[in-house]
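Subject: Structure handover and what turned up in it

Hi,

Here is the structure I promised to pass along. Please open it next to this email, and you can follow the notes below as you go.

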Amino acid sequence: FSYRTNWKLLSAAFASAAEHVITFRTEQTLIEKVSEDLQQLVSRKYEALVLRPALTDPKIHRAFMRSIRFAHKDYLRSLEELEEGVATFVSKQTENYSSPPRSDDVIVNIDWRTQLQKVDHIPHTFEKTP
């Protein structure tokens with residue numbers, strides 16, 4: 001982390017400690033609560049800066065659509081190479097595959113929560129030891 005980031009983390013830790021120091025009826029220690037709050041802060045920053053789902057989701061969707069269109073062209077090319085009788089039978093049985101699906105019909109849903117699990121290992125990797 002950069003020098004400025006250390007101060008931001010320290011500030012967040014102090015704010016968390018001040019918030020949780022007056023809580024009496026919990027089983028978690030103050031250190032555990034502050035650590036949990038800092039982990040959530042780092043996770044949110046990781047998602048916003050590294051994963052960037054708002055920017056990445058459309059790119060993945062476009063790449064997926066290009067792959068579908070390419071596969072459909074390959075499918076049509078394969079149909080042309082079949083014998084006429086077989087090609088006619090296949091084309092009749094698969095009429096709904098005569099054109100590739102529209103972009104609106106394809107839903108790509110990325111599970112970003114699983115990607116956030118990777119951030120759990122970051123603090124241990126960059127932890128400073130005396």
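Predicted model: local features only at pLDDT ≥ 70, side-chain atom pairs only at ≥ 80, totals over all residues.

Below are the conventions first, then the findings.

Residues are numbered from 1 along each chain as its sequence is written, and side-chain values use heavy atoms, with hydrogens and water left out.

**Overall fold**

The protein chain has six helices and zero strands, where helices (H or I, at least four residues) and strands (E, at least two) are DSSP runs numbered from the N terminus. Read from that end, the order is α-α-α-α-α-α. Of the 130 residues, 18% are buried (under 20% relative accessible area; exposed is over 50% and partly exposed in between, with a 1.4 Å probe and protein chains only). Taking contacts (heavy atoms within 4.5 Å) between residues at least 6 apart in sequence, 67% join residues at least 24 apart.

**Surface**

The chain exposes about 10,800 Å², with carbon and sulfur atoms supplying 58% of it; accessible areas come from the Shrake-Rupley method with a 1.4 Å probe, and for residues only the protein chains shown count as cover. Two patches may interest you. Patches are made of residues with over 30% relative accessible area and no salt bridge, joining like charges within 9 Å and nonpolar side chains (Val, Leu, Ile, Met, Phe, Trp, Tyr) within 5 Å.

- Trp7, Leu10 and Phe14 make a nonpolar patch of about 350 Å², and Trp7 is found in helix H1 (residues 3–20).
- Arg52, Lys59, Arg62, Arg66, Arg69 and Lys73 form a positive patch (Lys and Arg count as positive, Asp and Glu as negative; His and the chain ends are not counted), with each charge placed at NZ of Lys, CZ of Arg, CG of Asp or CD of Glu. Arg62 lies in helix H3 (residues 53–81) and is partly exposed at 47% relative accessible area.

**Salt bridges**

How many salt bridges does the rule give? The count comes to two, taking a side-chain nitrogen of Lys or Arg within 4 Å of a carboxyl oxygen of Asp or Glu.

- Asp74 pairs with Arg77, the closest N and O atoms being 3.2 Å apart. Both lie in helix H3, three residues apart, about one turn of the helix. Asp74 is partly exposed at 36% relative accessibility, as is Arg77 at 40%.
- Asp105 meets Arg102 at 3.1 Å, N to O. Asp105 is partly exposed at 48%, whereas Arg102 counts as exposed at 53%.

Best wishes
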